[in-house]
Amino acid sequence: MPRRALRRALAAVATAVSAVAVGLAAPAAHAAEPLTYVALGDSYSAGSGILPTDPRAPLLCLRSALNYPNVIAGRTGAALTDVTCGGAQTKDFSAAQYPGVPPQLDAVGSGTRLVTLTIGGNDNNTFIGALLACGTAGIVTGGQGSPCKTLYGSTFEDRIEDSTYPAVKASLQKIRAKAPAAQVAVLGYPWILPPTADPSCYAKMPIASGDVPYLRGIQARLNAVIARAAQETGTTYVDFSRTSEGHDACRAAGTRWVEPLLFGTNVVPVHPNALGERRMAEQTLTALGLG
């Protein structure tokens, strides 16, 4: 090999070796910071009644380790702060729900990048009040007629419009103010009852036949005001009105997302099971573009 060609070859090798050495000495690129995620809300967010429970949660909150916030965090690698708590109302965002349980909004800050919540169902005792009232009336009439509708008429829906709607909207505004850079998603409630009475379901959900569509209408109104509050505050609303159809508490185990009042599998009845929480998580991820 001519000397000139040899010198060029040696120079090229030296340059290559130098580049490798520099590459090995350079610090590794920093991994992307995990998404800072705060989960707020009531028992539908907490997954109350689904085992195992979250060992870090206050006992009274009945928070599950399999709730939809944990599913979302597991699939996105997000750094989750979960302050969901069974029985929570909108007022518990700004005040302690139980002694030693801080206001939920204390967990939200300017560095928060994702917030999810399910809230409103406990305001005005909507879920428990309506279910107990209609269940009692349904037993008295042997499942016939619409005794609950006759007794209460528009009472529950009026309270939802007059009180729950502004409370949910105000809560979303507070979240926005505390975490202006965050994606915020408020979830609707998956269907508890089918559109019309199913006689085979009465043993599990003792609601009179005429009160099944009545209760379904109350839930539809609740979801509608949550959706309206979301739209008015620039919040993502996660709608289960189509996807949870056919997965109500009257369906068989393995199909239903919500457990019935009687003969269910959860510790807490009329709440989502583990399948329901997974499906809620999946649709939320899709709605937020994270799926």
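## The largest pocket

Sixteen residues line the largest pocket, and those nearest its centre are Ile128, Leu131, Leu261, Pro269 and Val270. A pocket here is an open set of points on a 1 Å grid over the protein atoms alone, with protein on both sides within 12 Å along at least five of seven lines, and a lining residue has an atom within 4 Å of a point. The model is predicted, with local features needing pLDDT of at least 70 and side-chain atom pairs pLDDT 80 or more, while totals for linings use all residues. Residues are numbered from 1 along each chain as its sequence is written.

The space in this largest pocket is about 260 Å³, a volume being the space filled by probe spheres set on the points, which are joined across faces, edges and corners. Helix H4 (126-140) and helix H2 (43-46) each supply at least two lining residues, and H4 gives the most, with seven. Helices are DSSP runs (H or I, at least four residues) numbered from the N terminus.

## The largest cavity

The structure has one cavity of 30 Å³ or more; a cavity is a set of grid points where a 1.4 Å probe fits but cannot get out. About 100 Å³ of space lies in the largest cavity. Its lining includes Thr126, Phe127, Leu131, Trp191 and Arg216, and H4 and helix H7 (211-232) each supply at least two of the lining residues.

## The second largest pocket

This pocket holds about 160 Å³. Among its 16 lining residues, Ala197, Asp198, Pro199, Tyr202 and Ile207 lie nearest the centre.

Methods
Heavy atoms only, no water.
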